[in-house]
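Here is a short walk through one structure. Keep the sequence and the 3D view side by side as you read.

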Amino acid sequence: MKKCTKCNTQLPATLEYFYEHKIIKSGLRPDCKDCTRKRRLEHLSNMTPEDRKAMKKAEQQRNGHVYRQASRKIVARKRGVVHEDWTEKQLLDTYGTDCYICNKAIDFNAPKRGIGSEYSFWPDHVIPTSRGGSNTLNNVRPCHSKCNRSKFTMTYEEYINSDRYKS
């Protein structure tokens with residue numbers, strides 16, 4: 001049995017009643033799950049909208065790959081195309097680190113947006129999902145941000161034969 005430090009309730013010392021805590025010797029938090037939830041809800045209700053936005057942004061930065069994967073899945077579902085989970089690491093391991101359009105090296109230290117982002121890494125669909133292309137590893141290639149924006153919604157073949165590519 002374990003006593004909650006907040007409500008002084010005696011509860012079984014299991015993960016059913018207490019959250020895990022890796023540093024504490026018992027392996028369980030000192031307050032029960034109900035008290036922990038109440039404390040968290042109280043903390044969230046006292047946050048300003050700016051604090052919530054900052055918290056959400058930090059969460060997205062920590063788990064960016066999860067958010068990107070989820071948004072790809074949502075877009076594929078909306079467009080009615082085949083979706084397969086893939087990671088950017090799998091993409092680079094499969095197709096290399098050069099832009100598939102201009103065959104120049106991708107700058108992985110460049111910012112994703114803003115000044116200096118022209119040669120940053122962006123996954124590009126060979127056949128765009130807006131044109132019925134699947135969101136699978138077979139249809140995605142590593143690309144520069146600049147090349148991806150220039151290609152727009154054309155297929156790879158259309159883009160290579162277009163005036164945009166030649167200029």
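Begin with a pair of strands: β5 and β6 run antiparallel and are joined by 5 bridges. Two strands count as paired if DSSP finds at least two bridges between them. One such link has His125 and, in β6, its bridge partner Val140. Helices (H or I, at least four residues) and strands (E, at least two) are DSSP runs, numbered from the N terminus.

This is a predicted model, in which local features need pLDDT of at least 70, side-chain atom pairs count only at pLDDT 80 or more, and totals for chains, interfaces and linings use all residues. Residues are numbered from 1 along each chain as its sequence is written, and side-chain values use heavy atoms, with hydrogens and water left out.

Buried means under 20% relative accessible area, exposed over 50%, and partly exposed in between (1.4 Å probe, protein chains only).

Now turn to helix α4. Its buried residues are Glu88, Leu91 and Leu92. They sit on the same side of α4, because they cover an arc of only 95° around the axis. That arc is taken from the directions from the helix axis to the C-beta atoms. An α-helix has 3.6 residues a turn, so residues three or four places apart point the same way. Lys89 and Asp93 are exposed on the other side of α4. The cover over the buried residues includes α3 (64–79), β5 and β6. Just after α4, Gly96 has a positive phi of about 90°.

Beyond its neighbours within four places in sequence, Glu88 is in contact (heavy atoms within 4.5 Å) with Arg68, Arg72, Phe121 and Pro123.

Finish at Asp31, in strand β4 (residues 28–32). Is Asp31 buried or exposed? With a relative accessible area of 3%, Asp31 is buried. Its side chain makes a polar contact of 3.2 Å with that of Thr36, and another of 3.4 Å with that of Arg29. A polar contact is a pair of N or O atoms within 3.5 Å; within protein, one must be able to donate a hydrogen and the other to accept it, and residues adjacent in sequence count only if both atoms are side-chain atoms.
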